[in-house]
Amino acid sequence: MGPNAEPAAKHDAQMAMADLEVASGRLEPAFARLVEAVRLNAGAERDRARTRLLELFETVGNSDPAVLTARRNLATALF
């Protein structure tokens with residue numbers, strides 16, 4: 001295993017956990033988890049978290065209040 005294997009595995013685990021939370025109806029924690037991943041990471045890891053978050057927004061529906069809040073939080077994390 002290379003030196004980046006552990007952070008990549010942790011990132012994958014965070015994304016999988018967010019998927020489980022959404023599937024369980026726990027939208028706010030799932031979105032917060034991925035927004036935090038965007039905020040804390042750079043490069044490919046950041047892009048993966050952002051892309052997954054946008055996919056979940058579409059799955060849930062863009063008019064859901066949790067999505068609207070998470071979109072604002074994502075914008076803050078990005079800039």
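Predicted model: local features only at pLDDT ≥ 70, side-chain atom pairs only at ≥ 80, totals over all residues.
Leucine 34 has its place in helix α2. Leucine 34 counts as buried, because its relative accessibility is 0%. Setting aside neighbours within four places in sequence, its contacts are Met15, Ala18, Ala49, Arg52, Leu53 and Leu56.

Next, the packing of α2 on α3. Two packed helices are described by the angle between their axes and by the distance between those axes. Helix α2 covers residues 27-40 and helix α3 residues 43-60; their axes come within 8 Å and cross at roughly 155°. Since an angle over 145 degrees counts as roughly antiparallel, α2 is therefore roughly antiparallel to α3. The crossing of these two helices is left-handed.

Which residues of α2 and α3 meet? On the α2 side they are Leu27, Phe31, Leu34, Val35, Ala37 and Val38. On the α3 side they are Arg46, Ala49, Arg50, Arg52, Leu53, Leu56, Phe57 and Val60. Sorted by class, the contact of α2 with α3 holds eleven nonpolar residues, three charged ones and no polar ones.

I now come to the aromatic rings. A pair of aromatic rings is described by the distance of the centres and the angle of the planes. The count here comes to one aromatic pair. The ring centres of phenylalanine 31 and phenylalanine 57 lie 5.1 Å apart and the planes stand at 85°, so the pair is edge-to-face. The pair links distant parts of the chain, as phenylalanine 31 belongs to helix α2 and phenylalanine 57 to helix α3, 26 residues apart. Are these two phenylalanines buried or exposed? Both phenylalanine 31 and phenylalanine 57 are buried.

The last topic is α3 with α4. Helix α4 spans residues 65-78 and packs with α3 at an angle of about 165°, the axes being 11 Å apart. That angle makes α3 roughly antiparallel to α4. The crossing of α3 and α4 is left-handed. From α3, the contact is made by Arg46, Arg50, Leu53, Leu54, Phe57 and Val60. From α4, Val67, Ala70, Arg71, Leu74, Ala77 and Leu78 take part. The contact of α3 with α4 divides into nine nonpolar, three charged and no polar residues.

To close, I return to phenylalanine 57: this residue of α3 is listed in the contact with α2 and also in the contact with α4.

Notes
Residues numbered from 1 in each chain as written. Heavy atoms only, no water. Axes fitted to C-alpha atoms, helices over the stretch in contact; angles between N-to-C directions. Helix = DSSP H or I, 4+ residues; strand = E, 2+ residues; numbered from the N terminus. Parallel < 35°, antiparallel > 145°, perpendicular 65-115°, else oblique. Left-handed = near helix turned anticlockwise from the far one by under 90°. Contact = heavy atoms within 4.5 Å. Nonpolar A, V, L, I, M, F, W, Y, C, P; charged D, E, K, R; others polar. Phe/Tyr/Trp six-rings, centres within 6.5 Å; stacked < 30°, edge-to-face > 60°. Buried < 20%, exposed > 50% of the residue type's maximum accessible area, 1.4 Å probe, protein only.
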